[in-house]
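Please keep the sequence and the 3D view at hand while reading.

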Amino acid sequence: MQKIKPILGSFFYAGFLPNAPGTWGSFFALFPIYFIGVYAPWYGIALFTLLCSFITVWVSEECERVWGGDPSPLVMDEFAGQGMAFIAIPFFGTPSHDILLLVAGFIIFRFFDIKKPLGVDELQKLPGGLGILVDDLLAGFYAFLCLSVILFII
């Protein structure tokens, strides 16, 4: 079971792609988010976010043992955070609009995840898997708020 944890944590080795594994993890999260969001809107995304959060906490200790503290190949936390960004965001049902929405959510989430403003950096200091996960969830929540405002204005 210990051998599967790094595989899941890195999303089947996507966390080893070069130059910004967190960005790759966030990108790959968009595919299940889109399909879940189309067929099982808010509750599907909420379950996806919870599942990815659970997996992150479950695999983090082994991933840290193998790769060191807050390891960059561990991208399942990006899946949870990216899910949080879309947790109650409705998709339009037209690919052109939905792609723009996904791109906007991706960019906004990456901004908050990379820059870590407004307390995001403080949460990263929590011990173990919680510190790895909760900063991404807060970054995702901020991205959700921004997307909600953008959709309200549009």
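In this predicted model, the largest nonpolar core has 36 residues, and those with the most contacts inside it are Ile 33, Phe 86 and Phe 91. Two or more residues of this core come from each of helix H2 (21–39), helix H3 (41–67), helix H4 (76–85), helix H5 (95–115) and helix H7 (128–153), with H7 giving the largest share, nine residues.

**Around Phe 91**

- Once its neighbours within four places in sequence are set aside, Phe 91 is in contact with Ile 33, Tyr 34, Gly 37, Val 38, Phe 86, Asp 98, Leu 101 and Leu 102.
- Two of these partners, Ile 33 and Phe 86, are named together with Phe 91 as the residues with the most contacts inside the core.

- H4 is mostly covered, since 10 of its 10 residues are buried.

**H2 against H4**

- H2 and H4 pack at an angle of about 55°, and their axes are 8 Å apart.
- On the H2 side the contact involves Gly 22, Gly 25, Ser 26, Phe 28, Ala 29, Leu 30, Pro 32 and Ile 33, which meet Glu 78, Phe 79, Gln 82 and Gly 83 in H4.
- Sorted by class, this contact of H2 with H4 has six nonpolar, five polar and one charged residues.

**H5 against H7**

- H5 and H7 pack at an angle of about 135°, with their axes 8 Å apart, which makes H5 oblique to H7.
- The crossing in which H5 passes H7 is right-handed.
- H5 contributes Leu 101, Ala 104, Gly 105, Ile 108, Phe 109, Phe 112 and Asp 113 to the contact, while H7 contributes Asp 135, Asp 136, Ala 139, Gly 140, Tyr 142, Ala 143, Cys 146, Leu 147, Ile 150 and Leu 151.
- By class, the contact of H5 with H7 has 12 nonpolar, two polar and three charged residues.

Key:
Residues numbered from 1 in each chain as written. Predicted model: local features only at pLDDT ≥ 70, side-chain atom pairs only at ≥ 80, totals over all residues. Heavy atoms only, no water. Core = buried A, V, L, I, M, F, W, Y, C linked by side-chain atoms within 4.5 Å. Buried < 20%, exposed > 50% of the residue type's maximum accessible area, 1.4 Å probe, protein only. Helix = DSSP H or I, 4+ residues; strand = E, 2+ residues; numbered from the N terminus. Contact = heavy atoms within 4.5 Å. Axes fitted to C-alpha atoms, helices over the stretch in contact; angles between N-to-C directions. Nonpolar A, V, L, I, M, F, W, Y, C, P; charged D, E, K, R; others polar. Parallel < 35°, antiparallel > 145°, perpendicular 65-115°, else oblique. Left-handed = near helix turned anticlockwise from the far one by under 90°.
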